[in-house]
Amino acid sequence: MSNLDDTAGELRDPEFDDVASRPHRGIWKSLWHDPMGRSGLIMLGFVLVVIMIGPLIFPFDAQSFGTSAASILQAPSRAHWMGTTELGQDVFRQFLVGGRISLYVGLSATLIAIVLGAGLGLISGYYAGWRDTVLMRITDFFLVLPTLPLIIVLAALFGQSILVTSLVIGLTSWPQTARIIRSQVLSLRERPLVQRVRSLGAGDLRIMRKHILPNVAPLIFANLALVLSGAVLAQAALAFLGLGDPVQVSWGTTLHNAFNSGAMSQGAWWYVMTPGVGIVVMVLAFSLVGHSLDRVLNPLLRGEQ
Amino acid sequence: MSVRYLAKKLTTLVVTLYVTVSFNFLLFHVLPGSPIQLLARSGHYDPAARAQLVKLFGLNHSLFTQYFIYLKNMLHGDLGFSYVFRKPVTTVLGGAIGNTLLLVGTATLVTILVGVWLGVMAASRAHSLTDASITVTSLGLWSMPDFFTGMILIFICGVWTHILPISGLVTPGLVTGPWGHFVDVARHLVLPALTLTFVNAAEFSLISRNTLVDVMVEDYMLTARAKGLRRRTIVWRHALRNAMLPIVTATALYVGMILGGAIQVETVFSWPGMGLLIYNSVVQRDYPVLEGCFLLFAIAVIATNFISDLLYQVLDPRVRRT
């Protein structure tokens, strides 16, 4: 084992290992130097601080309702920074808690989608042949199915807990990732280093883990941010359509309540804008980081600038 | 376009449609928690009623036989019976499909025009301030859920001012001639179509921009510039023509997205199309209608992809010759 490691190290192909040997700090640095990436990271940091620390300072009591007619749908005031809901609950406090659910579902769905997509892409690209044909046919089929309608159907059939929502979004968001990873792996497997390592007797699993995966890792990372923004949007749409978890109130659920309680015709803009802006900022942060990573990692585009 | 290519594409189309229909069967009839199974298993029926239901839905047959009955019904255009409307699903869908086509068609047309125009503006001044602001604005708009954009427009045009109607297809109780009816529908169409356009034009401008930027560095673009052509001519006549192919492909892929957007937008604006039908059938647990809508959406996307494949052949002389 260790022998093989040493040999492989000596055989390092400078061109091939360009991305892998580039320390990950380098990616963060170029991300920070890209205006798009920097604004994305700053927004992301802001969102994370607000929804992680916010609820600790301003806890939300789901059981506390307004007790008088005057306490419902109040405009923003010193007591209620972002006004109150149709039940007299504090919009700002609900917003802080709701962000956690939105992020939680987004993250777990993305994890499922990335593991599935990257895994299938890796197998498909590495083995080629019939496995590739079969897997890519399946991928193309799911790529063509309209995603949001499919997610809605699945959620309507299998329930509304945040676990089901994460599963449903995760299981429908992988095809694009699989395609991207596959095409990268296809070119990697033909590079001299892989051929040399293979001739030294390294097994498929070992080659994939040690030499292919590290080289597609940055690509997976860039894709992760984009899948995340899509997952947060999908969760918001599901919750808005009444397919969210009725107990765990996310930003989408708040918007569902605002819409269905007729708060809009009462002019309660604070009720709609607070969670809505939350979703936009979170999604924008992820997509800025994703697009920026895409640019940073794509040498062709970088050379052009 | 060669006959062989067409035959190959047609085969793929038929296979994909078949798989889609089977996938639908799996979702709605086989998987645990599928509505048909739940219906017959509900504890509130007396044995006679249950037996009636089991027979009505063919649950007494093996799954294999059920599958063939399902396929046969599909081929006869029988999508089942709506629980809520008490009408065949095809009748229910027939009443909604035109409205969705009107909304999605209008939005797609405006999206392509505006999106490509913005993309050209950004690409022809690549890496300038205009480019950056178009890209950032597009990303911002792309990050907005369709339903949220719709809600903002409702506040602006329907709550704070009363410029445009915010709900439905026509003004209830309005009696006018055909022209008055046309104007009324058009006014109701503005906000939902605008909402769909906002989000999707953003996506479209990003795609066109990136494709165009790739084309702009090609050698023939340098030739065109060397000939002393004006920048506008170069971009619109030379670059855009070559960038058309990826844009056509993107349009096909984007149909799935715009249908997803239509569900949200029709819900927000109570536009009586298939999106609102999906929303209502989810709320009322009207599974046959939900199944029919999903199938129709899937077929629409598959058909669009097929057409874009053929269009690709017609548009690209290099592919045509081989």
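The following questions and answers go through a predicted model with chains A and B.

Biologist: How many helices and strands does chain A have?

Modeller: Read along the sequence, chain A follows the pattern α-α-α-α-α-α-α-α-α-α-α-α-α-α. The count for chain A is 14 helices and zero strands.

Biologist: What percentage of the residues of chain A count as buried?

Modeller: A residue is buried if 20 or more other C-beta atoms lie within 10 Å of its own. Chain A has 305 residues, and the part of them that counts as buried is 48%.

Biologist: Are H7(A) and H11(A) oblique or roughly parallel to each other?

Modeller: Two packed helices are described by the angle between their axes and the distance between the axes. Here the axes of helix H7 (residues 147-158) and helix H11 (residues 204-243) of chain A come within 11 Å and cross at roughly 50°. Angles under 35 degrees count as roughly parallel. H7(A) and H11(A) are therefore oblique.

Biologist: Which class of residue makes up the contact of H7(A) with H11(A): nonpolar, polar or charged?

Modeller: From H7(A), the residues include Leu148(A), Ile151(A) and Ala155(A). Among those they meet in H11(A) are Ala234(A), Leu238(A) and Leu241(A). The contact has no polar and no charged residues, and ten that are nonpolar.

Biologist: Which helix gives the most to the side of chain B that touches chain A?

Modeller: In the contact between the chains, 36 residues of chain B meet 37 residues of chain A. On the side of chain B, helices H1, H6, H7, H10, H11 and H12 each supply at least two residues. With seven residues, the one that gives the most is H12(B).

Biologist: How many charged residues does the side of chain B that touches chain A have?

Modeller: By class, that side of chain B has 25 nonpolar and eleven polar residues.

Biologist: Is Arg86(B), with its positive phi, buried or exposed?

Modeller: Most residues other than glycine have a negative phi. Phi of Arg86(B) is near 60°, and the residue is found in the loop between helix H4 (63-75) and helix H5 (89-124) of chain B. Because 8 other C-beta atoms lie within 10 Å, Arg86(B) is exposed.

Biologist: Where is Ser270(B), which also has a positive phi?

Modeller: Phi of Ser270(B) is near 50°. Ser270(B) has 14 other C-beta atoms within 10 Å, so Ser270(B) is partly exposed. Its place in chain B is the loop between H10 and H11.

Conventions
Residues are numbered from 1 along each chain as its sequence is written. Chains are lettered from A and ligands numbered from 1 in the order in which they are written. This is a predicted model: local features need pLDDT of at least 70, side-chain atom pairs count only at pLDDT 80 or more; totals for chains, interfaces and linings use all residues. Two residues are in contact if their C-beta atoms, placed from the backbone, lie within 7 Å. Helices (H or I, at least four residues) and strands (E, at least two) are DSSP runs, numbered from the N terminus. Ala, Val, Leu, Ile, Met, Phe, Trp, Tyr, Cys and Pro count as nonpolar, Asp, Glu, Lys and Arg as charged, and the others, Gly among them, as polar. A residue is buried if 20 or more other C-beta atoms lie within 10 Å of its own, exposed if 12 or fewer, and partly exposed in between; C-beta atoms are placed from the backbone. Axes are lines fitted to C-alpha atoms, for helices over the stretch in contact, and angles run from 0 to 180 degrees between N-to-C directions. Angles under 35 degrees count as roughly parallel, over 145 as roughly antiparallel, 65 to 115 as roughly perpendicular and the rest as oblique.
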